[in-house]
Number of protein chains: 2
Amino acid sequence: MKSLIRDVPDFPKEGIIFKDITTLLKDDGGFRDAVEALHDIYRDVDIDAVASVEARGFIVGAPLAYLLGAGFVPIRKPGKLPAEVHEEEYELEYGTDRLQVHRDAFDGAKRVLIADDLLATGGTALATAKLVERCGAEVVSFGFIIELEFLNGREKIADYDIVSLIKY
Amino acid sequence: MKSLIRDVPDFPKEGIIFKDITTLLKDDGGFRDAVEALHDIYRDVDIDAVASVEARGFIVGAPLAYLLGAGFVPIRKPGKLPAEVHEEEYELEYGTDRLQVHRDAFDGAKRVLIADDLLATGGTALATAKLVERCGAEVVSFGFIIELEFLNGREKIADYDIVSLIKY
């Protein structure tokens, strides 16, 4: 899978080497391998719902939810979810951003897997876990395709089980 | 499936009744049924890649791509895709918006299914088809979970095959 991930220099800004997974996703075998590798890890774990942050996270979480026979819950930027929400603010390099989840997103779904394409600084991941917990559900694990180890995101969510397929 | 879709009045603005599919997605059986109903329609069609527009479209297109053994191609808002893109502008009720696709998104993938949650006015759908074709690929069909028939989106993409599971 690693060979299908493309390095794009200076995106989103100078000096950053962006790990582009679109080259993995567009490859039928690569996409299947990534989804199945995560499924293999969680197939015997009791999971009621998979939650993912828009937008790339949906590409990982939705097929995984399907394979696990679980529901899928989208975590979104403000203004996108139509019903009542919980909201969490988290820090970016400059400023803050916010994520929302429907308050009734996990009713009946107690055990939640958070799936995303990338673990970077862990800020988004931690905010997502807080949102799941504010809905009264439990975070069973985080599953990522890529982990950027040099950003130490794992430390920010050290209280949780963490799986990543590819490490840089 | 229809019974799992929630009507949210006055979203995103007064007088609109929003069809909220998060209540379908979070239901393990409902999510599975929606994905499999689309898969059943396309399972014997030769499809190399599934393309979907961010963000809700990814929730439909990614599992469908997996089941069809196809690659998945994200169509995104400007500034999200890191490599060289094609861009299409399309009209909104007030003003315009733009969508982008990687220029190399479909190399080797000639036959493309465009999957999305909702066919409304058809503006986004038509822009997506143009992007696929600018990449040298062919649009085999559009597959939607919901079609809002009173908005006549079907007319805007009348040159293409169109499938929708639930009509309002």
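## The sheet of chain A

In chain A, strand S3 (residues 49–53) is joined to S4(A) by 5 bridges, and the two strands run parallel. The model is a predicted one. A:Val50 has A:Phe72 as its bridge partner in S4(A).

These strands belong to an open sheet of 5 strands in chain A, with the order S4-S3-S7-S8-S9 and parallel pairing. Strand S4 (71–75) and strand S9 (162–167) of chain A are its edge strands, each pairing on one side only. From one strand to the next, the twist averages 20 degrees.

## Helices of chain A

H3(A) lies across S3, S4, strand S7 (111–119) and strand S8 (138–147) of chain A. The helix runs at about 140 degrees to S7(A).

Two packed helices are described by the angle between their axes and the distance between the axes. Helix H2 (residues 28–42) and helix H3 (residues 56–68), both of chain A, pack at an angle of about 55 degrees, and their axes are 10 Å apart. H2(A) is therefore oblique to H3(A). The crossing in which H2(A) passes H3(A) is right-handed. From H2(A), the contact is made by A:Phe31, A:Val35, A:Leu38, A:His39 and A:Tyr42; from H3(A), by A:Ile59, A:Val60, A:Pro63, A:Leu64, A:Leu67 and A:Leu68. Sorted by class, the contact of H2(A) with H3(A) has 10 nonpolar residues, 1 polar residue and no charged residues.

## The sheet of chain B

Chain B has an open sheet of 5 strands in the order S4-S3-S7-S8-S9, and the pairing is parallel. The edge strands, strand S4 (71–75) and strand S9 (162–167) of chain B, each pair on one side only. On average, neighbouring strands of this sheet are turned by 20 degrees against each other, direction ignored.

Within chain B, strand S7 (residues 111–119) and strand S8 (residues 138–147) run parallel and are joined by 8 bridges. B:Gly143 in S8(B) stands opposite B:Ala115. Helix H3 (residues 56–68) of chain B packs on the sheet and touches strand S3 (49–53), S4, S7 and S8 of chain B. The direction of this helix makes about 140 degrees with that of S7(B).

## A residue that touches both chains

A:Arg6 lies in strand S1 (residues 6–9) of chain A. The side chain of A:Arg6 makes a polar contact with the side chain of B:His102 (3.5 Å).

Leaving aside neighbours within four places in sequence, A:Arg6 is in contact with A:Phe18, A:Lys19, A:Asp20, A:Thr22 and A:Thr23 from chain A, and with B:Ala83, B:His102 and B:Asp104 from chain B.

Note on methods. Residues are numbered from 1 along each chain as its sequence is written. Chains are lettered from A and ligands numbered from 1 in the order in which they are written. This is a predicted model: local features need pLDDT of at least 70, side-chain atom pairs count only at pLDDT 80 or more; totals for chains, interfaces and linings use all residues. Side-chain values use heavy atoms; hydrogens and water are left out. Axes are lines fitted to C-alpha atoms, for helices over the stretch in contact, and angles run from 0 to 180 degrees between N-to-C directions. Helices (H or I, at least four residues) and strands (E, at least two) are DSSP runs, numbered from the N terminus. Angles under 35 degrees count as roughly parallel, over 145 as roughly antiparallel, 65 to 115 as roughly perpendicular and the rest as oblique. A crossing is left-handed if the near helix is turned anticlockwise from the far one by less than a right angle, and right-handed if clockwise. Contact means heavy atoms within 4.5 Å. Ala, Val, Leu, Ile, Met, Phe, Trp, Tyr, Cys and Pro count as nonpolar, Asp, Glu, Lys and Arg as charged, and the others, Gly among them, as polar. A polar contact is a pair of N or O atoms within 3.5 Å; within protein, one must be able to donate a hydrogen and the other to accept it, and residues adjacent in sequence count only if both atoms are side-chain atoms. Two strands pair if DSSP finds at least two bridges between them.
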